[in-house]
Amino acid sequence: MSPCARPAVSQRLQGLEHHVDTHNHSSVEEFALQSFSEEPGLRGLFLVLFLLLFLGALAGNTLIVTAISLHPGLHTPMYFFLTNLAVLDIVCTSTVLPKLLENLVVKGGTISYQGCMTQLFFLTWFLGAELLLLTVMAYDRCVAICRPLHYSSRMGRPVRVLLAGSVWAVSAVSTSVHTGLMTRLTFCGPNQIQHFLCEVPTLLLLSCSPTTLNNVMIVVADVYFGVVNFLLTMASYGCIIASILRMRSAAGKQRAFSTCSSHLLVVTLYYSTVIYTYILPGSGSSLENGKVVAVLYTAVSPTLNPLIYSLRNKDVKVALRKVFS
């Protein structure tokens, strides 16, 4: 080889090495998840607490589904949607809590890139579906109280199956868009997620690629799932309250309010936590507060929902007694 050719070959080899090095560091194969608590003395306490919440959510929602399925008197639109809510709570908490428990047992827990995208897909799917389902449940109560004579025709089996199917399908399309856009981003390090789960806001902070399109789609999703559905839910409850105030019978008012108070409590708890996480991600709140809020909608809310609906509903109490007997 001539001396004149050696510099050219050397430059090519350096360029090839640079290309290989860039390729090796252009994608992250796994992410490091934070534990819920880094204090060794508290990890055991949180492990027991979250394990009880996980088992409570699974047992409570499974009982709700079983009781409604086995009791013919509960085969109505309201309990059909309640069954969908219980199923969503089961799958939502099963998406997050097993990994959270693992990270409390094993310090320095990690999650693979594929595992993170999978968790992101299902968590976003179930959270969006639950927001839509709460809006549908509010509409169901609005028709039942404000238009009782037309309730059977407006909320017949084909209609409620269509509404429930739309809830799952629309949210699935939304999460497919978000997850697809996320997989197009490049994560070249660092790989430390400032959370104990994979969520859109925390993952975008680690991206080395432009996230403009992701942020635009987040705003669109926030407006639809958060603002529009919240306004529709409040509109339904506005009609419900107006109808209750027009009732002359005190017993009728009490019965109408009892059927809606449980759902209103669940709506308040769920919207407050999701809005804090997805609509106000840059409000300056601490990371620890974000972890607590995430626990509320992935663990506490799925555990409390069966208690809220069963303790305030005589029909569900009767059905649960039959299950245990």
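The exercises below go from the whole chain to single residues.

The model is predicted, so local features need pLDDT of at least 70 and side-chain atom pairs count only at pLDDT 80 or more, while totals for chains, interfaces and linings use all residues. Residues are numbered from 1 along each chain as its sequence is written, and side-chain values use heavy atoms, with hydrogens and water left out.

**Exercise 1. The whole chain**

Task: State how many helices and strands the protein chain has, and in which pattern they follow.

Solution. 
Step 1. Helices (H or I, at least four residues) and strands (E, at least two) are DSSP runs, numbered from the N terminus.
Step 2. The protein chain has 11 helices and 3 strands.
Step 3. Along the sequence, the pattern is α-β-α-α-β-α-α-α-β-α-α-α-α-α.
Step 4. Of the 325 residues, 46% are buried; buried means under 20% relative accessible area, exposed over 50%, and partly exposed in between (1.4 Å probe, protein chains only).

**Exercise 2. The packing of two helices**

Task: Describe how α4 and α6 pack.

Solution. 
Step 1. Two packed helices are described by the angle between their axes and the distance between the axes.
Step 2. For α4 (113-146) and α6 (157-183), the angle is about 145 degrees and the axes are 8 Å apart. Axes are lines fitted to C-alpha atoms, for helices over the stretch in contact, and angles run from 0 to 180 degrees between N-to-C directions.
Step 3. Contact means heavy atoms within 4.5 Å. Among the residues that make this contact are L133 and V136 of α4 and L163 and V167 of α6.
Step 4. By class, the contact has 16 nonpolar, 7 polar and no charged residues. Here Ala, Val, Leu, Ile, Met, Phe, Trp, Tyr, Cys and Pro count as nonpolar, Asp, Glu, Lys and Arg as charged, and the others, Gly among them, as polar.

**Exercise 3. The surroundings of F81**

Task: Is F81 buried or exposed, and which residues does F81 touch?

Solution. 
Step 1. F81 is placed in helix α3 (residues 77-105).
Step 2. F81 is buried, because its relative accessible area is 0%.
Step 3. Residues up to four places away in sequence are not counted; F81 then touches L133, V136, M137, D140, M155, R160, L163 and A164.
Step 4. From F81 to V136 there are 55 residues in sequence, and their C-alpha atoms are 8.1 Å apart.

**Exercise 4. H195 and L269 compared**

Task: Determine where H195 and L269 lie, and whether each is buried or partly exposed.

Solution. 
Step 1. The loop between β3 (192-193) and α7 (200-204) holds H195, whereas L269 is in helix α9.
Step 2. H195 is buried because its relative accessible area is 6%. L269 is partly exposed because the value is 23%.
Step 3. Not counting residues up to four places away in sequence, H195 touches L33, Q34, T202, G290, K291 and A294.
Step 4. With neighbours within four places in sequence left aside, L269 is in contact with S301 and L304.
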